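Hi there,

Here is the structure I promised to pass on to you. Have a look at it first, and then read on for my notes.

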Amino acid sequence: MEAYLDNAATTRALPEVAELVARVMTEDYGNPSSLHGKGFTAERYIRTASERIAATMKVDPGTIVFTSGGTESNNQALIGTALAYQRSGKHIITTAFEHASVAEPLIYLEKQGFEITFLPVESDGRVAPETLKNALRDDTILVSIMMVNNELGVIQDIAGLVKTVKDYNPEIRFHTDAIQAYGKIPVLPKKLGVDLLSVSGHKLHGPKGTGFLYIAEADAKLHPYIHGGHQQKNRRSGTENVPGIAGLGLAAKTAYEVLAGSTDHGASQGNTYEMVSELGRWFISELKTIDGVVIHGDRGTEQQGVVTGSEQPVGETQLAAGDTADATYSPYIISAGIEGIKSEVLLHALEDKEIYVSSGSACSSNHPGLSDTLTAIGVDKPYLDSTIRFSLSRFTTREELVYTIDVLQQLLPTLRRFTKR
C-alpha cells in the first residue's frame, strides 16, 4: 500500500478544488480588471475567496492580499515592512529556527543595513517571553516568529509574545508565519494581536502557487514588493491568479468546516482535528517502542496541540486566542530521530515501500545540511543527520500509520546492520 506522510511539504488538492480551478481556467477565464461580463465574473471569484478566508479568521475581507504562496507572503511582509518603517529604526527580531522563506529575506535585509537579532529557543523549541523582552530596543521595528514550526510542530504562544512586544512599544510590527497552522488549528489574528500573517494554499489541500498575506490595518504602511498594474489596492501588482485564488478560498472554507466537525461534511472531507490528534498520539506511542527511535521534544502523547488538563475541544477561545501555555505541539508534524541511520538512506528505503516522508523542510532539500531547527533545540549530534519528519493530514488513515510502523520495525535492524560505523 501507499502511505503519504509528507503533508508538511504539500497536500493533495481536494477534488472539488481541482474542479473549481479547472472551471475558472476553461470557462470563467476573464481578466478581473476587464470592464466586461467575464471580467466581472472573475472579480466575483476573488471577492468570494476573500470573504471565505476572512470568515475563517473573523476579519475583514479587505485585510487579505493574495500572493503566489507562503514564500512570497513572508518576503512581502518582511521586506515590505522593513522598507516602510526604516526611518523609525533598522532592528528586526526573529528566531534561530524560522523557515528559509523568513530567514533568507532577513539575511538579505541585513546586507541592506538592517540589524537582525536571531533569538535562541528553549529545548522544547519555544521562545521564552523574557528572552524576547530582553532583545527589544528603541529602534526595533519588526518581530517575526512562526506559529507552528515546520520541522518539529512546536506551537508558539504567539498571543503572549505579541503582548510582550506591544507592552514595550505598540508601534513595533509583529509578523507570524502561519503556514503550518492555518487550516489545521484555529487562527484568529485579532485575538492573537498580530499585524501580519502568512499562509500557503498547498498546505491545506488547495492549489500550489497560491497563498495570502493578512495585513491587520487597511492603511498599514507596506512597501510594495511587486510593482506594476496596481492590483489589490497597489499592495500586490500583477493579474490575479483567479483559478488559484478561487481554489484557495474553497479549500480554506472546507478546512475550517471540517476542523469544527461540521455535520455537512463526512469522511470524504477527512478527519476532524480531534481524530488527527488521536492518530498522532497513537503513532508517537508506537514509534517510541521501536529500538533507537526518539521523538524530538519527547512530547507526551497527551500534549499534541491540545490544551492539557481540559476536556474542552479546541476552539477559538483556546489556541486561536493565544491560550497556548499547554498547547505545545501540532499533531500534524512528528519529528523522529533514528539512531545509526542517515536520514537520506532511510527516506529512500521507505520510498521503496511506497512510504513518503521527509528529512526536514522540503524547501531546503536542494541545499542539504544540518537542520538549523534541530541544532537550535540542542538535538544530540548523532541525530542531526538521522531525523525523519512524518507529517499527517486530515486524510491520513490508521492503516497508513500501522503499515509505516510495521515497515520500520522490519527495515531498521537490516539498515543498521549494513550501515558503516
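This is a predicted model: local features need pLDDT of at least 70, side-chain atom pairs count only at pLDDT 80 or more; totals for chains, interfaces and linings use all residues.

Three strands make up an open sheet, ordered β9-β10-β12, and their pairing is antiparallel. Since β9 and β12 are at the edges and have a single partner strand each, one side of each is left without a neighbour in the sheet. On average, neighbouring strands here are turned by 30° against each other, with direction ignored.

Now to β10 itself, which covers residues 333-338. How many of its six residues are buried? Six of the six are, so to speak, tucked away: the strand is mostly covered. In general, side chains in a regular strand alternate between the two faces of the sheet. For β10, both faces are covered. One side carries I333, S335 and G337, the other I334, A336 and I338, and all of these residues are buried.

- Strand β9 (residues 293-295) pairs with β10 in the antiparallel sense over three bridges, and V293 stands opposite I338 of β10.
- Strand β12 (residues 387-391) also pairs with β10 in the antiparallel sense, over five bridges. Here R389 in β12 is the bridge partner of S335, while I388 in β12 stands opposite A336.

Next come the helices. Helix α9 lies across β9, β10 and β12, and runs at about 5° to β10. What does α9 meet in α13? Two packed helices are described by the angle between their axes and the distance between the axes. For helix α9 (residues 273-287) and helix α13 (residues 398-418), the axes come within 11 Å and cross at roughly 10°. The two helices, α9 and α13, are therefore roughly parallel to each other.

As for the residues involved, α9 contributes L279, W282, F283, E286 and L287. They meet R398, L401, V402, T404, I405 and L408 in α13. By type, the residues of this contact between α9 and α13 divide into eight nonpolar, one polar and two charged.

Best wishes

Methods. Residues are numbered from 1 along each chain as its sequence is written. Side-chain values use heavy atoms; hydrogens and water are left out. Buried means under 20% relative accessible area, exposed over 50%, partly exposed in between (1.4 Å probe, protein chains only). Helices (H or I, at least four residues) and strands (E, at least two) are DSSP runs, numbered from the N terminus. Two strands pair if DSSP finds at least two bridges between them. Axes are lines fitted to C-alpha atoms, for helices over the stretch in contact, and angles run from 0 to 180 degrees between N-to-C directions. Angles under 35 degrees count as roughly parallel, over 145 as roughly antiparallel, 65 to 115 as roughly perpendicular and the rest as oblique. Contact means heavy atoms within 4.5 Å. Ala, Val, Leu, Ile, Met, Phe, Trp, Tyr, Cys and Pro count as nonpolar, Asp, Glu, Lys and Arg as charged, and the others, Gly among them, as polar.
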